[in-house]
Amino acid sequence: MSEIGGSDLFVLEFGDILHYYTPYTTTLFVLALIFTGLAILSRPEGQVDIAFGGDAYYAKETAVSEMRFRRFMTIACGLATMGAMGSGDIFNFTLFASLVGITNVGIVAAVKSRHVLDAAYEYGIVAMVATLPLFGGAALILATTGTLSIPALAAGGFAVPPIGKALLALGVIGEGMAPFYAAKAEMFRAPGAPYVIMCSLSSLLIFLRVVEIAITI
Amino acid sequence: MIEYLVFAAVFGLLLLGLHRKVIARVQMRPGPPVWQEILHALKFSFKSTWVPKTASATLYVGVVLVGIGIWSAALFIVLAGESILILFAIYMLHKVVEHGFGLSSGSPYGKFGGVRSVISAASEIPLFVTVAAIYLFTGSLLLADITAYQAIHGPFLLIAPPVAIAMYLVILSKLPYGPFSIVESKELVSGYKTEHFGVWRAGISVIDGLKTFVLLYAFVAIFVGAVPFWAALVIMTVILVSLSFVCAITPMLSPFDSVTIQGLITGVMLAYVGYLWWVMP
């Protein structure tokens, strides 16, 4: 197996499905773990906004019920991201990636602001549409090679179609929120830094993982 | 191990001080002494420190530690000759750290610094293209293999100059006072750093020092090859001075222009790597 992320440090077998951790995937896993821990321990900030037309400013407060739901979604997102980091099976990876997309929508959809809800709705549509290339790419690789095991594909002897890899990467980009919405003003109207950051982090981590998968297979 | 970290942080801060000095002299100003950034870090270490009332306290503090942690890890990855894919990942994850700095305080200045950090993610893609191009030549991403390849075939700086230019631009986009430094633009006070003061700001200085050292050292290792440590330090200084000249004579771009130019560079680099993939056996 090509060791672009370094040699295997640990392999966790579930029958014929396995999770493997190289220095690369371990780094990504640990980062997901740290930020999930920070989301559990942190309270949301009081986002300060300026009231136009005067010198006044105010700090937004996050209701406890909203905070609880968004924290739950953030923890679920962190767990899905950690799962995607170690997965040695492309099908499992696509499932974890789509779960990241769903939980990202949940993190922002709980904010009681019309602008933020609009953005969450648009993001939900993109994430839903992105499942087509995501699972389509995996299906194409399975149909061509007969396996979705990353170590088996990396061992050689299979002609993995580049279009399958490209579709997989496209699907991951669509599931991750960062490329589409993380920089939009609508998203940043949402207070709750520990939760919003998980959207960016999870998007980035699944992208970094799919890069490794695409090069490895 | 700790001595490597301290040396890298101090030397990185010294390079940042030199950066400010060169920019000032090119612009016919006296400029601060070269050790100014080290003095800043020391000064902030002993200044009054607290957490703003509006901040998400755990995240506000935690993100400083994460920043120091990831760049310390990056330093040891480069020194140990590990995979440059990890270095690439850490470089991209630094965006999340900047984002965390900006959002955690609740300040609008920090928040917009964080937003600009996310939108300037286009600057990371040339680094990915660099990684892909090197893999086409070496078939490995381990730094030890890359330096071994260069020992036989010559430095990558001569084998694939456009890839070296791409990484040079990546480092330029991370340096302060450069054309792409939109995250610390003066209309945002200090951008994502605005609300971190006292010992937290000293932590950010350590992150900046480590980041500068790691990126320049990685550039030397990837594009020049294995050289004695003192020679690597000299080459790093020369590269930094050249970057300072670019920063001194180039105005800071608007966020839109910055992202557009970085996107164009990415497009050119993707075309180059596509060409390499096509022509290489």
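In this predicted model, 40 residues of chain A are in contact with 32 residues of chain B, where contact means heavy atoms within 4.5 Å. The two chains bury about 3,100 Å² between them, with 81% of it on carbon and sulfur atoms; buried area is the accessible area (1.4 Å probe) lost by two parts on being put together, summed over both. Helix H1 (23–41), strand S3 (48–50) and helix H9 (193–216) of chain A each supply at least two residues of the side that touches chain B. H9(A) gives the most, with 13 residues. Helices (H or I, at least four residues) and strands (E, at least two) are DSSP runs, numbered from the N terminus. By class, this side of chain A has 27 nonpolar, 8 polar and 5 charged residues. Ala, Val, Leu, Ile, Met, Phe, Trp, Tyr, Cys and Pro count as nonpolar, Asp, Glu, Lys and Arg as charged, and the others, Gly among them, as polar.

Across the interface of chain A and chain B there are 0 salt bridges, a salt bridge being a side-chain nitrogen of Lys or Arg within 4 Å of a carboxyl oxygen of Asp or Glu.

Residues are numbered from 1 along each chain as its sequence is written, and chains are lettered from A and ligands numbered from 1 in the order in which they are written. Local features need pLDDT of at least 70, side-chain atom pairs count only at pLDDT 80 or more, totals for chains, interfaces and linings use all residues, and side-chain values use heavy atoms, with hydrogens and water left out.
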